[in-house]
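Subject: Structure handover

Dear colleague,

Here is the structure for your files. My notes on what was found in it follow below.

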Amino acid sequence: MLTVYRVGGAFNRNYSFFAGVSQNSQMFSTHKKTISNFLRNVVSKRSSERTFTVCVEGNIGSGKTTFLNNFKVYKNTTVIQEPVQLWRNVAGTNLLDLFYKDPGRYAYLFQSYVQLTMVRLHAMHTPQPYKIMERSAYSAKLFIENMKRSKTMQDVEFFVVDEWFNWSVQNAGIHTDLIVYLRTSPEVVYKRMRDRARKEEDCISLEFLTQLHQIHDEWLLNKNFSSLPAPVIVLNGDKSIEEMMSEFNICKDSIYSKGSLHEMEIGDAESQRI
Ligand code: TTP
Ligand code: MG
């Protein structure tokens, strides 16, 4: 059964910490405690029952795969990268490529498959106590919402994929304990995407990335898109790979030490946050 954590008042107060709103020292110290307590609560409650699942979300090119790679050295953790390779070879067909070449024709088919592969990864039994995933079935929903808004997908196609999504959430053992949102600016991810040059993504425009950015923000920052399945940590994904290491360390420590963040680490990182 799905356990839904809603982000309540306590975590909303934390958000100002993550957003880097300037704090006086007293407030800052209160936030440190709140975050520690909050994460300790969430992590210990979930990990005592079953695998603790963290989903890393963010725009195309926000650095999700790189962020996940850092977890690979930990033997108590299963790292599940997004199955882009599967989408590129569906019974010998590159569905990702077909989708970008003819979105009107292939969006529904592509998103159906994306959703199936994501649900399978959620449902996959992993022996380790921690499971870190690139994206989730939830964020695949952001893409279909964007396709509906841009009329790439017909309303009825959206309806069917969305029904599958709703059914899966209720019945397919999908759960998330914590979401890490690598929040980026569209211009930064546009440049990264051009630099990495994944061939199927040649046609992606800055406008498209801006739409996806907005919808990620609606969901994970403004919390007015659809209900959140778990608490959210927002990190500044615009930073360089080297700078992201300090962000990673905070996440890692708070997850593995069941939420007990060390004061020094929080203090160090605060000034760098968005
Ligand atoms: P992302 O899921 O954003 O993965 P990424 O590897 O590009 O991100 P990062 O650099 O942060 O690791 O996108 C993979 C591709 O799949 C991209 O072209 C967008 C597309 N996609 C959809 O079209 N629909 C979906 O539902 C999802 C999840 C991805
Ligand atoms: Mg990736």
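Glu-207 counts as exposed because it has 11 C-beta neighbours inside 10 Å; a residue is exposed if 12 or fewer other C-beta atoms lie within 10 Å of its own, buried if 20 or more do, and partly exposed in between, with C-beta atoms placed from the backbone. Glu-207 is part of helix H10, residues 206-220. Its C-alpha lies 9.5 Å from that of Tyr-190, a residue 17 positions away in sequence.

On conventions: this is a predicted model, in which local features need pLDDT of at least 70 and side-chain atom pairs count only at pLDDT 80 or more, while totals for chains, interfaces and linings use all residues. Residues are numbered from 1 along each chain as its sequence is written, and chains are lettered from A and ligands numbered from 1 in the order in which they are written.

Confidence. The mean pLDDT of the chain (the predictor's confidence in each residue, from 0 to 100) is 81, with 76% of residues at 70 or more. Helix H5 (residues 95-101) has the highest mean, 98, and helix H1 (residues 9-18) the lowest, 29. Residues 1-29 have pLDDT below 50, and this stretch has 39 contacts in the model beyond near neighbours in sequence; a contact means C-beta atoms, placed from the backbone, within 7 Å. Residues 259-274 are also below 50, again with 39 such contacts. Where pLDDT is low, the predicted coordinates should not be read in detail.

Overall make-up. The chain contains 12 helices and 5 strands; these are DSSP runs numbered from the N terminus, helices (H or I) of at least four residues and strands (E) of at least two. Of its 274 residues, 38% are buried.

All 7 of the 7 residues in strand E1 (residues 52-58) are buried. Phe-52, Val-54, Val-56 and Gly-58 are on one side, and Thr-53, Cys-55 and Glu-57 on the other. E1 pairs in the parallel sense with strand E3 (residues 130-134) over 5 bridges, where pairing requires at least two DSSP bridges. In that pairing Cys-55 is opposite Met-133. E1 also pairs in the parallel sense with strand E4 (residues 178-183), over 5 bridges, and here Val-56 is opposite Val-180.

The largest nonpolar core has 49 residues, and Val-54, Val-56 and Ile-132 are among those with the most contacts inside it. Such a core is a set of buried Ala, Val, Leu, Ile, Met, Phe, Trp, Tyr and Cys residues joined through C-beta atoms within 7 Å. Beyond four places in sequence, Val-54 is in contact with Ile-132, Asp-177, Leu-178, Val-180 and Ile-255.

Ligand 1. The shell around ligand 1 has 16 residues, and the closest are Ile-60, Lys-64, Thr-65, Ala-140 and Phe-143; a residue counts as near if its C-beta atom, placed from the backbone, lies within 6 Å. Helices H3 (64-69), H6 (103-123) and H7 (137-149) each give two or more residues, and H7 gives the largest share, 3. The shell divides into 5 nonpolar, 7 polar and 4 charged residues. Ala, Val, Leu, Ile, Met, Phe, Trp, Tyr, Cys and Pro count as nonpolar, Asp, Glu, Lys and Arg as charged, and the others, Gly among them, as polar.

Positive phi. Arg-135, in the loop between E3 and H7, has phi near 65° and is buried, with 21 other C-beta atoms within 10 Å. Ala-197, in the loop between helix H9 (186-196) and H10, has phi of about 55° and is exposed, with 8 C-beta neighbours inside 10 Å.

Regards

Terms used
Contact = placed C-beta atoms within 7 Å.
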